[in-house]
Amino acid sequence: MKSDLFSSEHMAQPATAPGMTLQNAKSIKYAVNGEMHARQGSMIAFRGNLQFERKGQGIGGMLKRAVTGEGLALMAVRGQGEAWFAHEAANCFIVELDQGDSITINGRNVLCFDPTLSYEIKTVKGAGMVGGGLFNSVFTGYGKLGLMCEGTPIVIPVTAAQPVYVDTDAVVGWSQQLTTSLNRSQSVGSMVRGGSGEAVQLMLQGEGFVIVRPSEARPERTAN
């Protein structure tokens, strides 16, 4: 049987070392040798001796999730083998954290991560309860973090002289050393006339970067 489908570009090769690698632009492969963590329902294939178990978040994590809606429903993958992860053909990226690094990421953009990383759901400082996606997951430790993004993300440098303003429904994450607050860019007169649709943004100040996706988040699907 012959086809371009069977070219090396598409063919999965055996892993040469444990851990996370990009299979292609839309999926991540993880060679499991012990344990790793992933978004529930994101496994698309595996081979070897692997078990998939719902990962508890503890009472505090469950309460935060119930209040904030921040979606980090996780599973632990244990054993020896290879697993592939993806979500609705979103683009995938790998961020490697060194000891002492930290990054804040919206839970909807987390695909998988090493067990050496820890995370905590935190309220975005200065944002209060206005808008959506303002309860993000702060990752610390060392290891690799697999992210997904609908479309090609934009990474915008933030400097002390040039803060960056982002739509709360488009932001993927930012470097943890930045400070955040709400910015209101719409006048009262504009609001009375129906508004521009861009009334409030998240302002990031300091030295670092912010990652945004080229579209606003779509509402979560509801079962019929």
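**Notebook: surface patch, sheet and rings**

The model is predicted: local features need pLDDT of at least 70 and side-chain atom pairs 80 or more, while totals for chains, interfaces and linings use all residues. Residues are numbered from 1 along each chain, and side-chain values use heavy atoms, without hydrogens and water.

I then placed M11 in the segment before strand 1 (19-24); strands are DSSP runs of E, at least two residues. M11 is partly exposed at 38% relative accessibility (buried is under 20%, exposed over 50%, partly exposed in between).

Next I looked up an open antiparallel sheet of three strands, ordered 12-15-14. Strand 12 (164-166) and strand 14 (179-184) are at the edges with a single partner each, so one side of each has no neighbour in the sheet. Strand 12 pairs with strand 15 (residues 200-205) over three bridges; pairing needs at least two by DSSP. Y165 stands opposite M203 in strand 15.

Last, I searched the whole structure for aromatic pairs and found four (ring centres within 6.5 Å; planes under 30 degrees apart are stacked, over 60 edge-to-face, the rest tilted). F113 and Y119 are edge-to-face, 6.1 Å centre to centre with 75° between the planes. Ring pairs link F113, Y119 and F139 into a cluster. F113 is buried at 1% relative accessible area.

Key:
Helices (H or I, at least four residues) and strands (E, at least two) are DSSP runs, numbered from the N terminus. Rings of Phe, Tyr and Trp (its six-membered ring) pair if their centres lie within 6.5 Å; planes under 30 degrees apart count as stacked, over 60 as edge-to-face and the rest as tilted. Buried means under 20% relative accessible area, exposed over 50%, partly exposed in between (1.4 Å probe, protein chains only).
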